[in-house]
Amino acid sequence: MINQVPVSYYLLLGAILFSIGAGGVLIRRNAIVILMCVEMMMNAVNLTFIAFSRYLDSATGQIFVFMVMAVAAVEVAIGLALLVELNRHKQTVNIDEINSLKG
Amino acid sequence: MEQTLFLLIAAISVIAALGVVFNRNVVHSALSLLVNFCALAVLYFMLNAQFLGIAQILVYAGAIVVLFLFVVMLLGAELGEKVTSWLTVQNGVMAVLAVILLTVIGTAVFESVIQGARGDFTPEAVQQYGQVQLVASALFTDYVLPFQLVAVLLSVGVIGVIWLAQRHQQSSARREFHD
Amino acid sequence: MSQFLLSALLIIPLIGVALLVLIPRENKDVLRWTAFITTLVNFLVSLPLYFNFQSGAGYQFEEFAAWIPALNINYHLGVDGLSLFLVLLTTFLSAVAVLSSFSAITEQVKEYMALMLLLETAMLGVFVSLDLFLFYLFWEASLIPMALLIGRWGGERRIYASVKFIIYTMAGSALMLVAALVLYAWGGTSDLPVLLQTLDLPAWLQVWLFFAFALAFAVKVPLFPLHTWLPAAHVEAPTAGSIILAGVLLKMGTYGLMRFAIPLFPAAVPVWTPLLVTLAVIGIIYGALVALAQDAAKKLVAYSSVAHMGFIVLGIFSGGPQGMSAAVLQMVNHGLSTGMLFFMVGVLYEQRHSRLFSDYGGIWVKVPVFGVFFILAALSSVGLPGMNGFVGEFVILLGTFKVNWVAAAFGTFGIVLAAWYLLTAVRKLLFGPFNPANSGLRDMNGRELAIAVSLVVLFFVIGLFPQLFFKHITPATDALAERVNTTILAWR
Amino acid sequence: MTQLIWLTIAFPIAGVLFNGLLGRRLGHRVVSVVGPLMVLASFVVGVGAFADLLARHGEAVNVPLWTWAAIGSFEVNLSLLVDPLSVLMVLVVTGVGFLIHVYATEYMVHKDESGHAHPDRDFARFFTFLNLFIASMLVLVLGNNYLMMYVGWELVGVCSYLLIGFWYDRPSEEQAPIDLGEGAEPVKLPPLLSPAASGMKAFIVNRVGDVGFALGVFLIWTTFGTLQFADVFSQVPHMAEAMPAVLSWIALLLFIGAMGKSAQIPLYVWLPDAMAGPTPVSALIHAATMVTAGVYMIVRSNVIYSHAPGVSMFVAVIGAVTALFAATIALVQVDLKRVLAYSTVSQLGYMFMAVGVGAYTAGMFHLTTHAFFKALLFLGAGSVMHALHDVIDIRRMGGLKNKMPVTWLTFWIGGLALAGFPLMSGFFSKDEILAKAFEASPVLWGIGVLTAGLTAFYTFRAIFIAFHGQPRDRHLYDHAHESGPAIRFALVVLAALALVGGVLGLPAFLGLPHALDSWLAPIYATGEHAAAAGEHGLSLGLELGLMATSATVAVLGIVVAYFFYVVNPAIPRRMARSLRPVFVLLANKYYVDELYNAVFVQPGLKLARGMAQGVDALLIDSVLVDGLARLVGQIGRQVSRLQTGYLRHYALATFIGVLILVGYFFLR
């Protein structure tokens, strides 16, 4: 199954997904959606890793994705836990109201 | 044929991604995230990374999206901001920035020829040994240390979450005591 | 024994601190006397420095020990004509300061005395170290005890004063550190004698390095625009703190100029001399004028220090050996006479807790002995012949006149202003109708008398027999002047 | 005895230490013995040295003490010079000094009605300072180099400061306005400065002069490389050709010092106010010795001045103008001591006129005679004050001659000498000056004669008001009594000296040797005697004529004074009323004090305050230093505002960072 699809397509797709994720992080104010967008950005990166691994015939790409997945999982878990905790205090997840870090 | 399949899947994933960002209802965006992950899983299969495709579905689609939905249910779906319209100036600026990032990476992707050390993970080898065996052999030989570290990371993560949640019980318990 | 003398001088105060730590906090008198005896012992140990000092030009009582061999930085101590009398002045004034603070300081006496002893070590370190980094170490070390002394036992705005004191001096000396590093890079070593022989920096670099060093020292002197920390620090410092601050810390600036800035960068001296001489002369006139307008005794004496230090800088940059050796002697003189003035003001402050002239007036009738000593101190500061001030000022102006008669003319006019503000101070304090508010004043007790008499005796010894001092100072300053002149000729 | 000359200084210093440390405990009697004894001892040593010097025919001897400082080419060895000029000054200083010390032992002790003696509270301190003054004056006079002269110069300045301000707790006094009779509005007089203020004024004005002197000394060292008199004077002739300008500058600068110390025109303002000090101080310091230091300095440096003709003429002119100026002010003074003070300024003007025209001997001669009769007059005034409980305003005196015969008689002798009455010492010395002045320029002589007349007039005006006529204050008159033995002794001895003083310098045509001229000749021998001051350029007839005119002018002054104040006292008031503006001007001393105050003192204080508040507190301290601190504080606050607390901003910041990095790496 030779791949007619050149690697640049995959990379371009990865880039698009990454940008949409970044845009989402910047636009949305709901913490949960932001976390989702972050997940999307990570996945875009995974995609490019696998694309490289496929076209450079080396397994390292895939192993990296493996690591990234682990990190992503932990990150979401902790993120959501924090979010829940935050909600306990501020009764909101809208990041604009959470500005106690003000200088 | 494969190209048309790729384009289809790509379109689905992009639309799903946009769905995540621009959906007023958090649950809908979570679901569109699920679609996106599945689309990506298919792409992984096409890129000869079957194990990761399965892992993608298992970890991301199965665990993380479910976790999101669980949290959304816990906190109540409507708590997000009441988005009146998407066309505020700020969103515009952000969107423009995102597009700029896209163009920058995009141009880079096309110009520079991908080069790197060609490994031995050729499709033929895959046929011969099987994709999972090859990945496993790489993983447990020269990447065994990262593997251990990931293990540590995951356990820390688990403990962290439990502690956070547990603290949550104590404080509420203590609060009753005080009030 | 004599070749470990300098290290002994540095260590004795530390031993004193150790003793203080052992003594419980309650019995204050034991603390006070231990501290005083330590400083006294240190003074007596420093006397042999003078008696078996051969008045050649070289460094004497040298001590050499590798400190950081890897970086070629070593613990190199030594004394020559420039620093001999400053060491003696430090040990003497430390003893005077400790003795004078017996009745002034009541709370936390242990910490106070410990800080005084640490300060003494740091100051001595500055004057005896012949290694650039060792010098810098002691230079910064001397800041901390003095700042704490001002900060803890000072007057109302003491925090402001001590913070200003630290930051002002640190800012100056930071630049010096940079210059020292550059010098170290060029010279390969930080040992002064070695540097003096081997160093040949390009002229432009010498100009900049001289600027860096001179700035740090100018802050300390203090030279005209950089002097505003001095009155603040003096007014808020406790009496003993002021004595040490005026008596010794200011001299570290002028000493630094003569020990490091001028010999290491002789080519830069003619470039910077006009500016520094102008600032010195402005300092003399400006310091005197501002002192004239002061209504508090301590501030007046503080500004008089600015004026007197102006003379010293004028002497240093007068080029001739006369100016330089007189400048060194004038450092000692200023230390003694301003130290005594601060001590006398302190004696009054202890009883009346007020520094304003308006609270005093006509007190000579109430405290005759105090009056006599105060007038003697004022006259020594005015530069009455037969006392120490005159020797320094006259010879400095003489030396400067030969090179730059305009500066000398302004400087000489400065002594009129000096007479004006000092005698105004004497008139506001001692003369005039008796101010009944001072009826509670007591005359000087035995302890204060001992200090005053010892200082006045020194005034007359220096005033009548300055040659005892010049014979040791002159060889060193001749070498310095000759080094600067030869470079100028070669350079030109 | 010459080798022991240093004793003359050692004795007074011993007195200072003794009285200073023990005086208070041992009571005033011991102090009043020790004080004068020390000065007497110095006098005896002085006479011994005088005898030796005579034997050696005036050949100078140096008595080395110790090396003061030796730095490279700057070498100063302290040593005392015993030569005719310095011995003469030693004798004058210690002689007159001793008499004044004896006088002071009684003057400083106030007797109340019951005859019980109350010594002044600081009796010991007074004698300590008086001895210190004698020692300083001797240092000035005996020093053999310009450094010691400068040291003495400043020391006597400090002593005069301490002694003027002796009664430091006395406030300034108001002076009663002068009433001109017939309903004319009385003339208000400025208040008298307090002792403390006048002491400080004296010191600072002296210091201004000392600045000139110091610069002169520096210039001497810079040009001649040495400060010793002998070396300097030997190089002067050669320097006169090489750099005459430098020589004139040296002469001028040294003269500025003399102006300050000897109260000449611009810097004389401190002397009248110095009268706030006790009268012995006025007599010793402000009449006989300190003020003559300027004249001594010029006579000592006669070689320099004779090679700087321009400056010498300037000196003469300043002297003449000061003489006339001071004499005019003295005409209307109501305070006896201030009349004498202005008279001293005037007589000093004479001396400077003499040395200005090169008549150094005449200057010294007048200095000596002036020391005698002016000290006598001051002591007489002191005796009057002592008797009238410190009242010195002559308008409250009158007819004291029958109450105080000795004082009155000695005052007369002093007055005659001061006025230059024929055969008195003042006559000979003043006449010699006028003769020499005539040689130099008739204008100077004219001013001199006019001033002589005025001198005679104001002297006898004071005498007639105070001692003759009817007592104006009955209460005071009743209490007046003749002073005690010590005062009378001093007055009589000084009167004798004033009488015979003339013998020192009899005019040549009498055939008798001019003692002083032959005595001082050696000091001129060092520099060849440029000005032909030695032999008389005048013909005998002309000299007799000059002497006659000055005699008649003196007598005329006395007669007019007698007519004005004894025969018909109304006349001076009527004249004053008619010439009111002139009278007011003189009474207020040409408003010179107010001028100096407005031009120097107030602007100085205002500048000081301006510098203190404006430049120091505001510009440097709060604007630059604290300003810098505030600036750093502000910068800190601004930067902290970047931390808005909104996650979006942080995300955006990170995003932009990524964008830049990616852009840089990919597009490079």
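User: What makes D:Ala316 and D:Gly448 count as being in contact with D:Met353?

Analyst: In this predicted model, two residues are in contact if their C-beta atoms, placed from the backbone, lie within 7 Å. Leaving aside neighbours within four places in sequence, D:Met353 is in contact with D:Ala316, D:Gly319, D:Ala320, D:Ala323, D:Ile433, D:Ala437, D:Leu444 and D:Gly448, so the C-beta atoms of D:Ala316 and D:Gly448 each lie within 7 Å of that of D:Met353.

User: How many residues do chains A and B bring to their contact, and which helix of chain A gives the largest share?

Analyst: The contact takes 64 residues from chain A and 71 from chain B. On the side of chain A, helices H1 (7-27), H2 (31-55) and H3 (60-90) each give two or more residues, and the largest share, 21 residues, comes from H3(A). By class, this side divides into 43 nonpolar, 14 polar and seven charged residues.

User: What makes up the side of chain D that touches chain A?

Analyst: Here 12 residues of chain D are in contact with 10 residues of chain A. Helices H24 (592-641) and H25 (647-667) of chain D each supply at least two residues of that side, and H25(D) provides the largest share, five residues.

Key:
Residues are numbered from 1 along each chain as its sequence is written. Chains are lettered from A and ligands numbered from 1 in the order in which they are written. This is a predicted model: local features need pLDDT of at least 70, side-chain atom pairs count only at pLDDT 80 or more; totals for chains, interfaces and linings use all residues. Helices (H or I, at least four residues) and strands (E, at least two) are DSSP runs, numbered from the N terminus. Ala, Val, Leu, Ile, Met, Phe, Trp, Tyr, Cys and Pro count as nonpolar, Asp, Glu, Lys and Arg as charged, and the others, Gly among them, as polar.
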